[in-house]
Amino acid sequence: MKTVQEFDEAFDNGEDISEFVDWSASRRPNLEQKRVNLDLPVWMIERLDYEAKRLGVARQAIMKMFLAQHLEKAG
């Protein structure tokens with residue numbers, strides 16, 4: 001078993017610390033998912049699909065990216 005200082009140092013050095021972590025108890029604060037429904041005009045969906053294809057990501061990913069960018073600027 002490592003001390004807290006040894007654990008921190010191993011993490012900072014990029015060493016594999018997975019044997020010391022209980023991943024089954026891990027959580028992602030503020031990243032929990034909640035499903036929402038959103039009705040959009042066809043032209044927006046087509047534009048989203050175009051941008052998603054151009055960037056090589058899924059429609060949902062591009063929507064999340066756009067929303068996150070806007071919220072960061074507003075916040």
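D49 and R59 are joined by a salt bridge, in which the closest N and O atoms are 2.6 Å apart; a salt bridge is here a side-chain nitrogen of Lys or Arg within 4 Å of a carboxyl oxygen of Asp or Glu. This pair links distant parts of the chain, since D49 belongs to helix α2 and R59 to helix α3 (residues 59-74), ten residues apart. Helices (H or I, at least four residues) and strands (E, at least two) are DSSP runs, numbered from the N terminus. The model is predicted, so that local features need pLDDT of at least 70 and side-chain atom pairs count only at pLDDT 80 or more, whereas totals for chains, interfaces and linings use all residues. Residues are numbered from 1 along each chain as its sequence is written, and side-chain values use heavy atoms, with hydrogens and water left out.

D49 counts as partly exposed at 31% relative accessibility, and R59 is partly exposed at 39%. In this classification, buried means under 20% relative accessible area, exposed means over 50%, and partly exposed lies in between (1.4 Å probe, protein chains only).

A search of the whole structure finds two salt bridges. In the other, the side chains of R54 and E51 meet at 2.8 Å, N to O. R54 and E51 are separated by about one helical turn because they stand three residues apart in helix α2. R54 is exposed, with a relative accessible area of 53%, whereas E51 counts as buried at 14%.

The protein chain has three helices and zero strands, and its pattern along the sequence is α-α-α. Its radius of gyration is 20 Å, well over the 11 Å that the globule rule gives for 75 residues, so the chain is more spread out than a compact globule. The radius is taken over C-alpha atoms, and the globule rule is 2.2 Å times the number of residues to the power 0.38. Along its principal axes, the C-alpha trace spans about 60 × 25 × 25 Å. Of the 75 residues, 8% count as buried. The accessible surface of the chain comes to about 7400 Å², and carbon and sulfur atoms account for 54% of it. Accessible areas come from the Shrake-Rupley method with a 1.4 Å probe; for residues, only the protein chains shown count as cover.

In the loop between α1 (4-12) and α2 lies N30. N30 has a positive phi of about 65° although it is not a glycine, and N30 counts as exposed at 76% relative accessibility.

L55 lies in helix α2 (residues 42-55) and is partly exposed at 41% relative accessible area.

Over the whole chain, the mean positions of the 11 positive and 14 negative charges are 14 Å apart. Lys and Arg count as positive and Asp and Glu as negative, while His and the chain ends are not counted. The place of a charge is taken as NZ of Lys, CZ of Arg, CG of Asp or CD of Glu.
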